[in-house]
Amino acid sequence: MGTEFIDNNSSSHNEYHDHEKELDAGALFVLKSKGSWVHCGYHLSTSIVAPPLLSLPFAFASLGWWGGILCLVIGAIVTFYSYNLLSMVLEHHAHLGRRHLRFRDMANDILGPRWGKYYVGPIQFMVCYGAVIGSTLLGGQCMKAIYLLLNPNGAMKLYQFVVIFGGLMLILAQMPSFHSLRHINLISLLLCLAYSACATIGSIYIGNSSKGPIKDYSISNDKETRIFGVFNAIAIIATTFGNGIIPEIQATIAPPVKGKMFKGLCICYAMLSTTFFSVAISGYWAFGNKAEGLILSNFTQNGHNLVPKSFIFLTNIFTILQLSAVAVVYLQPTNEVLERTFADAKSSEFSTRNVIPRLISRSISVIISTTIAAMLPFFGDINAVIGAFGFLPLDFVLPVIFFNLTFKPSKKKPIYWINMSIAVFFSVLGVIAAVAAVRQISLDAKTYQLFANV
């Protein structure tokens, strides 16, 4: 049995090296397969356990206690299950000698070339680039919060802070490969624990003091507002659990890949359970239906700080630093496309022929995302639409379809019907959540203004 295991490993390595000769520049340089399952855990944690979790108390405000906790538990179970199914499909194809390094490669092979080219590829790009823009905007908002903390009458505008954050991104975007982010993503994991602990401690402190608002957990009496609020909240929770780059993360693992993604997911979901539930429950307990879209906004009320100034400063610093790591992780699919388009796979990764196009193309990519973030400070509303159209199909629907089409389980087996139920339920939910998000945009449209200082 030991000999058979060694032979399998050796054949996996040979298959990988044979395949490596045929890789394009994007796969060869950006999606290097050199990482361990621990590095995989860092990448997964940064891509999922990110500052959008600070919106969870706001989602609870539309769902109530039981609805909020139930949606959070279902989201955790379904995404852990879906990501494992996706990993099993990837491992199966790698064992057959067709290792898929990109989501669209999977779709090409399993659903057909048109699905990869015209559906999966575009929505993945939209979701990931949307996450970069959203992170840049949120980074600018956190910088502005620190500025107003230190200089309450300051005249600097939001778009100026967005540009400063974009400057940081210009530097980080030049990290050559996904694998080269492993140390940044370890720090990111620790930063996420830090600001989640700050958000939880701050909420408990305010909730136990007389400074906070009167706790009110009632949900709107207006039927239309209540129904759309529920679906909007579900879209927020689904987006918070969203990833969209599982194949690209698994591509960073050195062969043989079997079992490594599961260990990485265990690291990620240990982090997720600790942070999501503590922030959501403590924030909703302290502020009830007055929870803001970003729970840190509740720490200041009518210009008065409800927690010490240094505490707000520190929490925002942790959040800004992790946002930069999140943004650079979600830049990787864009970087891979740029590298494939402009780089030469036959030249060295760090040759002048490849370094100059990389520097120029990635800088232009960051400048575009920063400009959009500065122009559209209401991008959060747009991101809800992107989440409904993008994260729900990529993370909830496609993994179970890929599994059924790859392994072809019998219709008599429960797994077939569990997967089909997930696919149908979350497809319908995605459509309804998209309608709710578009409705929210129409309601907020009158307040929209380019380069607004919100």
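Axes here are lines fitted to C-alpha atoms, for helices over the stretch in contact, and angles run from 0 to 180 degrees between N-to-C directions. Helices are DSSP runs (H or I, at least four residues), numbered from the N terminus. This is a predicted model: local features need pLDDT of at least 70, side-chain atom pairs count only at pLDDT 80 or more, and totals for chains, interfaces and linings use all residues. Residues are numbered from 1 along each chain as its sequence is written, and side-chain values use heavy atoms, with hydrogens and water left out.

**Helix packing**

- Two packed helices are described by the angle between their axes and the distance between the axes.
- Helix H7 (residues 158–172) and helix H12 (residues 309–330) have axes that come within 10 Å and cross at roughly 50°.
- That makes H7 oblique to H12. Angles under 35 degrees count as roughly parallel, over 145 as roughly antiparallel, 65 to 115 as roughly perpendicular and the rest as oblique.
- The crossing of H7 and H12 is right-handed. In a right-handed crossing, the near helix is turned clockwise from the far one by less than a right angle.
- From H7, Phe 165, Leu 168, Met 169 and Leu 172 meet Ile 320, Leu 323, Ser 324, Ala 327 and Val 328 of H12. Contact means heavy atoms within 4.5 Å.
- The residues of this contact of H7 with H12 are eight nonpolar, one polar and no charged. Ala, Val, Leu, Ile, Met, Phe, Trp, Tyr, Cys and Pro count as nonpolar, Asp, Glu, Lys and Arg as charged, and the others, Gly among them, as polar.

- A search of the whole structure finds one cavity of 30 Å³ or more. A cavity is a set of points on a 1 Å grid over the protein atoms alone, where a 1.4 Å probe fits but cannot get out.
- The largest cavity has a volume of about 30 Å³. Volume is the space filled by probe spheres set on the points, with grid points joined across faces, edges and corners.
- Leu 90, Ala 94, Arg 99, His 100, Gln 250 and Ala 251 line the largest cavity. Lining residues have an atom within 4 Å of a point.
- Helix H4 (56–95) and helix H10 (246–251) are the elements that give two or more residues to this lining.

**Backbone details**

- Most residues other than glycine have a negative phi, and most peptide bonds are trans.
- Pro 255 and Pro 256 are joined by a cis peptide bond, with omega about -5°.
- Lys 408 is not a glycine, yet has a positive phi of about 45°.

Conventions:
1 Å grid on protein atoms, 1.4 Å probe; cavity = no way out; pocket = protein on both sides within 12 Å on 5 of 7 lines; lining within 4 Å.
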